[in-house]
Amino acid sequence: MHKQNLIWKIKLEDLILISTLNDFIFCPYSIYLHNVYAETDEDIYHAVPQTKGQAAHKGIDGKTSSTKKSDLLSLPVSSEELGVMGKIDIYRLTERWLIERKYQLKQIFRGQIYQLWAQYFCLCEMGYEVERISFYEISTNRMIPVDIPNNHNKSELYDLIRQFRQFNPNEAITVNPNKCAHCIYCSLCDKTQSDNVYT
Ligand code: SF4
């Protein structure tokens, strides 16, 4: 893919939230449902795992998780080239180290890697030098290093973002009952009759 074809001129309100990339991979229709129900009470659809994940980020959003002056916490980032925006958890200035905290990481999903890559590219575009990227698992106090993305990885991320932009919620999707069973939008979703495990 030629780079020129990949650069979008996007208005701020059209930027994709980095945090939704993983949700899109889980099920593209969940993004549509999220947008439909975004204005409703969060308690309606948020279940235990997500709530725990949100709690893991409270310290960051409240800027209480680090006392080091060289740590940038909850830093808003964006990339015009990728057309994404979001917040990073921690950027350690002296070590040029980007860290994304998760409450629990029994396995790292591709979508979570995409999120970290997107944060990395945002920081680079904003002029920060990044030499290391990692997940930090809070429940085990474990740092999990991730390779710095290369050009091939960047093209892979572009492809995902292109699919995200082109997704039509009226198109048929492949419904995976196992995913629906763990989907916070299950009770609101018209694509399945099943209930999730949280009800
Ligand atoms: S319930 Fe199933 S089909 Fe509906 S959004 Fe969730 S994962 Fe997708």
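This is a predicted model: local features need pLDDT of at least 70, side-chain atom pairs count only at pLDDT 80 or more; totals for chains, interfaces and linings use all residues.

Residues are numbered from 1 along each chain as its sequence is written, and side-chain values use heavy atoms, with hydrogens and water left out.

**Ligand shell**

The residues around the ligand are Phe26, Cys27, Ser30, Leu33, Cys180, Cys183, Cys186, Cys189, Lys191 and Thr192. Near means that a heavy atom of the residue lies within 4 Å of the molecule. Seven of the shell residues are nonpolar, two are polar and one is charged. Here Ala, Val, Leu, Ile, Met, Phe, Trp, Tyr, Cys and Pro count as nonpolar, Asp, Glu, Lys and Arg as charged, and the others, Gly among them, as polar.

Cysteine 180 is buried at 13% relative accessible area. Cysteine 189 is buried too, at 16%. Buried means under 20% relative accessible area, exposed over 50%, and partly exposed in between (1.4 Å probe, protein chains only). How many disulfides does a search of the whole structure find? It finds zero. The test is a pair of cysteine sulfur atoms within 2.5 Å.

**Aromatic contacts**

The whole structure holds six aromatic pairs. Rings of Phe, Tyr and Trp (its six-membered ring) pair if their centres lie within 6.5 Å; planes under 30 degrees apart count as stacked, over 60 as edge-to-face and the rest as tilted.

Tyrosine 29 and tyrosine 32 have ring centres 5.1 Å apart and planes at 35°, so this pair is tilted. Both sit in helix H3 (residues 28-37), three residues apart, or about one helical turn. Helices (H or I, at least four residues) and strands (E, at least two) are DSSP runs, numbered from the N terminus. Tyrosine 29 is buried at 4%, whereas tyrosine 32 is partly exposed at 34%.

Tyrosine 91 and tyrosine 128 pair edge-to-face, with 5.3 Å between centres and 70° between planes. Tyrosine 91 belongs to strand S3 (residues 84-92) and tyrosine 128 to the loop between helix H5 (110-125) and strand S5 (132-137), so the pair ties together parts 37 residues apart in sequence. Tyrosine 91 is buried at 2%. Tyrosine 128 is partly exposed at 24%. Elsewhere, ring pairs join Phe24, Phe164 and Phe167 into a cluster.

Two arginines lie over the ring of tryptophan 97, as tabulated. The criterion is NZ of Lys or CZ of Arg within 6 Å of the ring centre and within 35 degrees of the ring normal.

| Charged residue | Ring | Distance to ring centre |
|---|---|---|
| Arginine 92 | Tryptophan 97 | 5.2 Å |
| Arginine 132 | Tryptophan 97 | 3.6 Å |

**Nonpolar core**

A nonpolar core is a set of buried Ala, Val, Leu, Ile, Met, Phe, Trp, Tyr and Cys residues joined through side-chain atoms within 4.5 Å. The largest one has 32 residues; Leu21, Leu98, Trp117, Leu123, Ile133 and Leu157 touch the most other members. H5 gives the most to this core, with nine residues.

**Two residue pairs**

Isoleucine 88 is in strand S3 and is buried at 1%. Its C-alpha lies 7.8 Å from that of leucine 98, 10 residues away in sequence.

Threonine 174 is in the loop between H6 and helix H7 (177-180). Threonine 174 is exposed, at 76%. The C-alpha atoms of threonine 174 and tyrosine 29 are 10.0 Å apart, across 145 residues of chain.
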